[in-house]
Every structure is written in C-alpha cells, then in structure tokens.
Amino acid sequence: MNTGLAIGLIVAAAVIFGAVGFIVGTIHRRKVAEAAIGSATDEANRIVTEAVNQAESKKKEAILEAKDEIHKQRSELDKEIRERRSEVQRQERRLIQKEETLDKKTENIEKKDDILNKKIKAADEKMAEVETLKKSQFDMLEKISGFSKEQAKDYLIKNLENELVHEKAVKIREIEQQTKDDADKLAREIITTAIQRCAADHVAEATVSVVNLPNDEMKGRIIGREGRNIRSLETITGVDLIIDDTPEAITISSFDPVRREIARLTLEKLIQDGRIHPAKIEEMYEKSRREVEATIKQVGERAVIDAGVNGLHGELVKLLGRLRYRTSYGQNVLDHSLEVSYLAGLMAAELGADVKSAKRAGLLHDIGKALDHQFDGSHIELGVEAARKYKENENIVNAIQAHHGDVEAKTVVACLVQAADTISAARPGARRENVQNYIKRLEKLEEIATSFNGVEKSFAIQAGREVRIMVKPEVVSDDQMTLIARDIVKKIEDELEYPGQIKVHIIRESRAFDYAK
C-alpha cells in the first residue's frame, strides 16, 4: 500500500516538476525572443533610415539631371524654332514673288483674251460672210448643174466608187499577171529540169515485123501445098503474111502487137524445127502464146522495178507488161508510162510533193490501154475500174481519171501526171497521128465483126481491106454464114469510114478428135 503511494507521489512530483520546467523554459524563450526582436527592430529602423537618405540623394540627382536635360532640349527646340522661322520667312518671300509673277501673267492673259475675243468676233463675222457666200455659190452651182446638194453628193460618191472599182480591178489584174508570170517561170524551170533529167529516145512502133529466112526455099514450105500452111498460119494467128520478092524475108502485118509477136515467134519456131504443117503450126502457136504471156509478166515486173513502185497488185503488173505490146499514136505505151512516171516523180521532188505517189500514178495512168481491146469503154474508164478493183488509193484513181482533163484534178499529183503526160506525148517524134487513126479503124472493124452472135474470133488483115471471121460451128450453120456476112457488111458500111472496099471472109470449121490407145 505504501509502495503504491510512493509511486504515485513520485509520479505526481515528476509531473509537477515537468510542468514547472516547461513554464520556466517558455518564459526564458520569450525573453530571448523579445531581445532578438528588439535587435531586429533597431536594425530595421537603421536600414530604413539609410534607404530614405539614399533615396533623397538619388532624388536630388535625378532632379538635377532632369533640369539639365530640359535645359538642353529647350535650347535645341529654340534653335529649331529659329531655323523654321527663317525657312517660313524664305517661303513667304518666294510666295510673294510667285504671286507677283502670277499677277503679271494673269494680266497678260487677260490682255490676250481681249485680243483673242476681238479676233474671234472678227472671224465669226468673216465666217458668216463665208457661209453667205458659200450658200450663194451652192445656189448658183445647183442652178447651173441642175443638181441639188444631195444629188451632187450621190453623184460624186458614185463616181468615186466607180474609180475605186476600176483601180481595184487594174490592181487585181496586175497582181494576177505577176503571179501568172512567176508561176509560168517556176513551171518552166521545173519542167525544164525534169526533161533534162529524163532524156528518153522515141522510136515510133510499126505495124509490121520481118522474119528472116535461112533461104528462099523456106518460102515455099511456109506456103505449103496449095497454100494450106499459110492459110492455117493466118487463120490461127490472125495476122497477114506478106511473101514477096524480098530475099530471105517474110513480113508479118498486124495492127495488134501482141498478135504480131506471137505470130513472129510461131514462124521462127516452125523455121527452126523444119516441120511445117497445120498440126505443128497449132502446137508452135500455143508454145509461142505461153512464152509471150511469160514475157508480159517479166516486162511488167521490170517496169515496176525501174519506176521504183512498190506493193503493186500482181494483175496490175501483168497489165503493165501488156502495155509493152500496145502503141498510142505510134508511141509504145509502156515506154510512155515509164517516162510519165519519171517526169512526174522529178517534178514532185522539185515541188516537195509526194514523189512515190507521183511515180505510181504516172506508171498507172494509161493502164486502161491494156484492156480497151477486150472490153467496152475508154481507156480512162477501164483504167479507173482496174485501179479500184485492185485497191489502189483514191488519189491514184483521180490522177488516172483526170490525166486527160475529163474530171477535175483534186491533188497536186494528178496535176503533175497531166503535165508529165503532155510533155511525154509532145516530144518531137514521139507520136504519129496517122498510125493511131489506122489502128483505131482496124480495132473498130474487128469490134463490129465480133459483136454478132456466133462469132468466135475476128482478124482485120490486109491493112484493113479484109476481115477474117471464125464462127462457132455449133451455133452458125452453113446457110446462116451468108446472112451473117451480109449483116456484118451492112453494119460496116453504116458505122465505118474507109477507103476502097473491105472483104468479109467468114470461116466455119468443124473438127472431131479421138485418140488411139
């Protein structure tokens, strides 16, 4: 019990001592803090006092600097004001001088205005006088001329228009003439250059061929017993064999060069073989015909190469080859076509046109002449038809169609082909009119004969004095031959003009073939 009390007393005493110590410490710390605050207050007061003193000092310095700056600026401003005042005074003096000058000018202008007004008034008075005089003159002119003012104006305008129209027409004619002269000069230069660069020889084609014989005895063998061989030759080939006193030579006469060439080759083969009789004649005729057809193809290909033309249809090449055996007024048509091709190409090169088209059109321009013996129509129509059939360009077709001026030339190439065709035909010695007329008459004679039903072939021989006609035996009887001969004679008399008389010779031959095996 006592122990617990002691502990309680000890605890109570500890608490009391602790509280007392805390209070005493607090009081001590307060005193220490108050002493420190007093020191800080004194320091602060000292600092504030020093700051105030420094501020007062700075203020005085700033006031002095400001006063100096103000004094300086005031001096500068006074100086500037004095300068500006001097400038203003100078400007005022100048303005006063200008005003004085302007016043003098104004005074002069007013004087001039007075003088001008007087002159204007005088001019107005004179103008009135002029108008009066003019009116009186117009009245007098109207009275003398019988025209009113408007009528006179219309008359003058009309005369002026007529003069202008006349002068314009004269000027147009001068320009046209100058243009024509220049064009003619240029055309002559181009054509001359083309002709000089394309010099061609011309030899007129004849209508006869001469076959040389090894000896004169061969003439008798060609004639045959009672003339059967020569009759067979003339009948099969359609030519006229002239056997006269010319030594070692036989003349073959025909207006058709192809037919004449086949007959020449046939006769040469028979002479070389030595066996001459009707059957051998037919055999050699077929061989010669095939050879001529092969030659026609080769000649056409050679012409295409020479002209420098590419991509031509095979049938057109063959037709070109046939032109080798055609003539126009005695001029070989293939040679003429090649020359036209060369000339057209040269002129196209000079003008900067399409050279290839010009050469192609020139080569094909007379292609219809390879057909006009077998078909109806002019050589131009047949040529156009053939060109379109074998897919030639329309520009080429137009050149063919227009080369004789039948239609309008639509391209430069067509115009060049026209010019080249004329140049080629106009060369001295190129053509003979009488030969062409003779050939046309013989062609017409054969055409009349073949127009009748039942006629198989017809040949104009003896220079057109005889026409030999082979008829189909299964169509025409012996009795009908006389009637056909009479009808043909009648048609020849009605449609053909010819010297002398023409013999119509009709042949009807029946043959039967069989083979022993």
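Two strands pair here if DSSP finds at least two bridges between them. With that rule in hand, valine 208 has serine 253 in S3 as its bridge partner. This is a predicted model, in which local features need pLDDT of at least 70, side-chain atom pairs count only at pLDDT 80 or more, and totals for chains, interfaces and linings use all residues. Residues are numbered from 1 along each chain as its sequence is written, and side-chain values use heavy atoms, with hydrogens and water left out.

**Overall picture**
- The protein chain holds 14 helices and eight strands; these are DSSP runs (helices H or I, at least four residues; strands E, at least two), numbered from the N terminus.
- Of its 517 residues, 31% count as buried, where buried means under 20% relative accessible area with a 1.4 Å probe, protein chains only.
- Take the contacts (heavy atoms within 4.5 Å) with a separation of 6 or more: residues 24 or more positions apart account for 63% of them.

- Three strands make an open sheet in the order S1-S3-S2, with antiparallel pairing.
- S1 (208-212) and S2 (240-242) sit at the edges with a single partner strand each, so one side of each has no neighbour in the sheet.
- Neighbouring strands here are turned by 25° against each other on average, direction ignored; axes are lines fitted to C-alpha atoms, for helices over the stretch in contact, and angles run from 0 to 180 degrees between N-to-C directions.
- S1 and S3 (residues 249-253) pair in the antiparallel sense over five bridges.
- H5 packs on this sheet, touching S1, S2 and S3, and its direction makes about 10° with that of S1.
- H5 (residues 257-273) has 17 residues and reaches 24 Å from first C-alpha to last, close to the 24 Å expected at 1.5 Å a residue; that expected span is 1.5 Å times one less than the number of residues.
- Twelve of the 17 residues of H5 are buried, including Arg259, Arg260 and Glu261.
- Glycine 274 follows H5 and has a positive phi, near 90°.

- Another open sheet runs S6-S7-S8, and its pairing is mixed.
- Its edge strands are S6 (455-461) and S8 (503-508), each pairing on one side only.
- On average, neighbouring strands in this sheet are turned by 20° against each other, direction ignored.
- S6 and S7 (residues 466-471) pair in the antiparallel sense over six bridges, with alanine 460 opposite valine 467 in S7.
- H4 (residues 228-237) packs on the sheet, touching S6, S7 and S8, at about 110° to the direction of S6.
- H14 (residues 478-495) lies across S7 and S8, running at about 150° to S8.

**The second largest pocket**
- The second largest pocket holds about 610 Å³ of space.
- Its lining has 21 residues, and Thr235, Ile236, Glu282, Glu509 and Arg511 lie nearest its centre.
- H4, H6 (278-307), S6, S7 and S8 each supply at least two residues of that lining.
- A pocket is an open set of points on a 1 Å grid over the protein atoms alone, with protein on both sides within 12 Å along at least five of seven lines, and lining residues have an atom within 4 Å of a point.
- Grid points are joined across faces, edges and corners, and a volume is the space filled by probe spheres set on the points.

**H8**
- H8 (residues 333-351) is largely enclosed by the rest of the structure, because 14 of its 19 residues are buried.
- Just after H8, glycine 352 takes a positive phi of about 75°.

Note on methods: Buried < 20%, exposed > 50% of the residue type's maximum accessible area, 1.4 Å probe, protein only. 1 Å grid on protein atoms, 1.4 Å probe; cavity = no way out; pocket = protein on both sides within 12 Å on 5 of 7 lines; lining within 4 Å.
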